[in-house]
Amino acid sequence: MAHLFSFVFTGVITVLSGPGTSWFSWHPFLMTLAFCLFMTEALLLFSPYGSPIRKFPHKTKGRLHWILQCLCVTFATLGLAAIFYNKHLNGKPHFTSWHGLVGLGTLCVVGVQSLAALPLIYHSLAKGWSLAKLKRYHAASGLITYLLGTASLFLGICSTWFITFVGGYTWYLVALCPAFNALVIMSQVTNAYMAKKRMQY
């Protein structure tokens, strides 16, 4: 279901934004691809129930996860550049809303999170560190990062631009998509962590 909601939300934003019709149009499109599609799918790769590659080795999942996260960072950076240039063209101030501030903070955290994951792929970089602890820290910080991305998306659909197109009960249905996915990811990460803790006792 989370996969479906990711594609539905991305499809709705794509149709409404009409990427290529203006500089602004690229911002919601690229940011939604980054945080709703790539990041969600990157985390769902490790789902014991909903992963499309759940029978693959964990190492393969890790590599694909990192690739999707790199795509997330790339598309989010392009989305930031698009809105920055659009505001520059129109003489508007930057980062004056909660959506802009949370979005910028999320992008910075995602970049750091992706770099911090390198020792999990190249173990030689993790000298002096326990890989098990690094994985737990990465999972916990990754969940926080995902929730920040979800908050940014939610603030985006609260914007004047989105409400102009979507209102009433339809707005709540659209908002349900990132909210539902956030609950799925929270459940997935916390259950995996608790299962490992139980195995230690």
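Read from one end of the sequence to the other, the protein follows the pattern α-α-α-α-α-α-α-α. It has eight helices and zero strands; helices (H or I, at least four residues) and strands (E, at least two) are DSSP runs, numbered from the N terminus. This is a predicted model, in which local features need pLDDT of at least 70 and side-chain atom pairs count only at pLDDT 80 or more, while totals for chains, interfaces and linings use all residues. Residues are numbered from 1 along each chain as its sequence is written, and side-chain values use heavy atoms, with hydrogens and water left out.

**The whole chain**

Begin with the C-alpha trace, which spans about 55 × 35 × 25 Å along its principal axes. Of the 201 residues, 39% count as buried. Buried means under 20% relative accessible area, exposed over 50%, and partly exposed in between (1.4 Å probe, protein chains only).

**Helix α1**

Select Phe-5, which is found in helix α1. Is Phe-5 buried or exposed? Phe-5 has a relative accessible area of 16%, and therefore counts as buried.

Now select α2, residues 23-44. Of its 22 residues, 19 are buried, so α2 is largely enclosed by the rest of the structure. At 1.5 Å a residue, α2 should span 32 Å, and its end C-alpha atoms are 31 Å apart, which agrees. The expected span is 1.5 Å times one less than the number of residues in the helix. Where is the kink in α2 centred? Centre the view on Leu-33, where the kink is about 30°; the bend at a residue is the angle between axes fitted to the seven residues ending there and the seven starting there.

Move on to the loop between α2 and α3, and select Lys-55. Lys-55 counts as exposed because its relative accessibility is 80%. The C-alpha atoms of Lys-55 and Cys-72 are separated by 24 Å, and the two residues lie 17 apart along the chain.

**The second largest pocket**

Select Phe-24, His-27, Ile-83, His-99 and Ser-159, the closest to the centre of the second largest pocket among the 33 residues that line it. Its volume is about 760 Å³. On a 1 Å grid over the protein atoms alone, a pocket is an open set of points with protein on both sides within 12 Å along at least five of seven lines, whereas a cavity is a set where a 1.4 Å probe fits but cannot get out; lining residues have an atom within 4 Å of a point. Grid points are joined across faces, edges and corners, and a volume is the space filled by probe spheres set on the points.

The pocket lining has 18 nonpolar, 13 polar and two charged residues. Ala, Val, Leu, Ile, Met, Phe, Trp, Tyr, Cys and Pro count as nonpolar, Asp, Glu, Lys and Arg as charged, and the others, Gly among them, as polar.

**The cavity**

Finally, select His-65, Trp-66, Gln-69, Gln-113, Ser-114, Ala-117 and His-138, which line the largest cavity. About 30 Å³ of space lies in this cavity. Which helix gives the most to its lining? That helix is α3, with three residues.
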